[in-house]
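Please have a look at the sequence and the structure first.

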Amino acid sequence: MHAWKALSVAALAFAIGVGSANAKQEDITLELVEPLADYKIYVAENTKQLVKDTTAFVAAIKDGDVEKAKSLFGPTRTSYEKIEPIAELFSDLDVSIDARADDYEKAEQDPDFTGFHKIEYVLWEKDTTDGLDEIADKLLADVTDLDKRINDLTFPPEKVVGGAAVLMEEVAATKISGEEDRYSHTDLWDFDANFAGSKKIFILVKPLIVEDDPEFVAKVEENFGDVDETLAKYKTDDGFVSYEELTDEDRTVLSARVNTLAEDLSTLRGKLGLD
Amino acid sequence: MREEKPMKKSQQATPQDETVSANRRQVLLGGIGLAAGTALAPGQAFAKSTEEEAGQGQVAEAPIAGKTVKQRVPFHGEHQAGIVTPRPANGIVASFNVIADDPEDLEALFRELTARIAFLTQGGEVPELNPKLPPADSGILGPVIEPDKLTVTVSLGASLFDKRPWLRELKPKQLIRMAEFPNDALDSEICHGDLALQLCANLQDTCIHALRDIMKNMPEYLVLHWMQEGNVPVVQASAGGEHGTARNFLGFHDGSANPNSTDAKEMDRIVWVTEDNGEPDWAMGGSYQAVRIIRNFVERWDRTPLGEQELIFGRKKDSGAPLDGGKTEFAVPDYAKDPDGKKTPLDSHIRLANPRTAKSQKNLILRRPFNYSNGFTKSGQLDQGLLFIVYQADLMEGFLAVQSRLNGEPLEEYIKPIGGGYFFVLPGARDRDDYLGRTLIEAIRSEPSQQAAEGL
Ligand code: HEM
């Protein structure tokens, strides 16, 4: 039994005290300067990696090397998944890079369906790279554009801090069901990256809340720890096993942790006095 | 604040419009010939009062609830509410997977769940939080929660016990995983579960609010596995006070021959686990709950001759009276006088379900179902059915025995059980200091193996 479990959500929220957040607002923007700068570096590193990995992925596709392209699909996506809350700020790119078939009326057959998941569909369902050249080129152009645009972006603090919860919402809404990577079943890669991205944000702002709210911090860390432990069971030398191998019990545990993290991290902005 | 707008003339339904459309329908009916002679012109009998009341106000004004939102079902008691409580119009069964690694976790779950249910069913103000935080409540019922006859009934599935060595020994002795009957086509995505909540209220929004509240407050313990909403058609109050049972989606009164739920002695025998049942001590005052999601093939049913429909059930469709006589649904059939089933066929639903012999007395069960409507199927047929919920002290003599007798009944051509599960309803929380599941937690603690594990 974990001590935090006895603490009700309402009690936690009251503990901050209505009003105190306002007074905090100014100090907090100052205090956030450093975590935000660190986060910007984290994002920049990831988009750089994304461009690099996508270049290799696209090369494999254009070489017609189906097996190699398949093996690069999961790992290439991870740097995108880690920084999704920021990447999503450019909604035009997010759509062309990461939209899923069900975002389109005609699903897989829709002419507008492009990006990672279109490539995933052709690689796994058709077992070919035929017809993918143009889509692969577009993907590389899009992630390169993303890298550039993100470097020019001033990060809105509430988007960054809120991003910790947004990543959990993503997992809770579509990843836990295995819908995201439905052809390749590489969902665990995405999962792991989403958690890493969320945890990164939490750790950066943790020094600002740990004193006022040690129990909250302990609870969140414990839940991240449980997730790591569960995912560790499915690690292989170079990544993760197929999502289909996840047992029902582990899926339930992950669901509970994700939902709890989503609830708790949804208070992070408020705890920091951000709007 | 919104200004109160005086009603404009144009917003009232004009009487002429109504007459025109009424005439039109009469013409249409007249064309069919057969129906027109006996049919009331639409609106003729009821028009006056309803049109006046229905015509007022702004389009988006909230519909007005009756005084029933104030109805409050006591939470504390020997038994949980929601079983012998008169069934309100709406209900949900939600089944969860439970995360609880040890008795402490399970106790914390039960305590938190008890606190949520006590608040939700008794009503009160929603706490106000710092506006920079997500609000404490979904807000769908506004800042004050009215009780609205809400009950939330907690029950446990076999898997909760089976998966945990420290619980296994304490499983109620008849609690099993639901197995497939011959006519079933079970879908594992809507079957079984560790813990079920039956939420019932006058309004479906009240049930939904309660479900969202519990899920929001308890994500670390409960992961939703499946759920099914249902409702029953409401009727006008009758002058005599007794207005009969609601109808199911096959158009028949459902619940007519239920045991008398206001007779405490009868309920002790049929519904509540007592010392006579040989169950573990902690289970006294609980009950077995069988939930079945049973699809109805309504299009096909509606194309079946009335006489055949009535023979399938053994009751008249309009009155609900048994086929061997009587005016109302509460008349009692006398099968001894009809041994060959000339009036009530031997394979009719009610005769198989309850042959009314001395021996079948021990198979009585308390049914508390809702109808459900889940949209439509790929074939363009309506996806409707019965969210069948039944309570009994003895699952084998109750649901299992009755269903076994029903296997192969003519009704099967029109129904298909697809989901549900068996659960054991926890005894009630007796007072403010008590919590649902306390007797089970105490039993775990006094198990010899558990004491050894804890070094007691
Ligand atoms: C979609 C499925 C079902 C429908 C539409 C249905 C409908 C009905 C109707 C119309 C009646 C007569 C009125 C009444 O006494 O309530 C009835 C009676 C009854 N039904 Fe069902 N029923 C269904 C499934 C079941 C199941 C699964 C069971 C139990 C295994 C069951 C057990 C009974 C019993 C015990 C009675 C009372 C018989 C008596 O005491 O005379 N029913 N049902």
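Predicted model: local features only at pLDDT ≥ 70, side-chain atom pairs only at ≥ 80, totals over all residues.

Residues are numbered from 1 along each chain as its sequence is written, chains are lettered from A and ligands numbered from 1 in the order in which they are written, and side-chain values use heavy atoms, with hydrogens and water left out.

Helices here are DSSP runs (H or I, at least four residues), as are strands (E, at least two), numbered from the N terminus. The axes of helix 7 (residues 115-126) and helix 8 (residues 133-151) of chain A come within 9 Å and cross at roughly 150 degrees, and the two are therefore roughly antiparallel, a term used for angles over 145, while those under 35 degrees count as roughly parallel, 65 to 115 as roughly perpendicular and the rest as oblique. The axes are lines fitted to C-alpha atoms over the stretch in contact, and the angles, from 0 to 180 degrees, are taken between N-to-C directions.

Also in chain A, helix 10 (residues 187-209) and helix 12 (residues 248-265) have axes that come within 13 Å and cross at roughly 30 degrees. That makes helix 10 of chain A roughly parallel to helix 12 of chain A, and this crossing is left-handed.

Turning to the ligand, which protein atom is a donor of its iron atom? The only one is NE2 of H349(B), at 2.0 Å, where donors are N, O and S atoms within 2.8 Å of the metal (3.2 Å for Na, K and Ca), and sites may look incomplete because water is not among the atoms. H349(B) is found in helix 11 of chain B.

Around the ligand there are 25 residues, each with a heavy atom within 4 Å of it. Helix 12 of chain B gives the largest share of this shell, four residues. Oxygen atoms of the ligand lie 2.9 Å from a polar side-chain atom of N354(B) and 2.9 Å from one of R367(B).

Terms used: Polar contact = N/O pair within 3.5 Å; in protein donor to acceptor, adjacent residues only side chain to side chain. Left-handed = near helix turned anticlockwise from the far one by under 90°.
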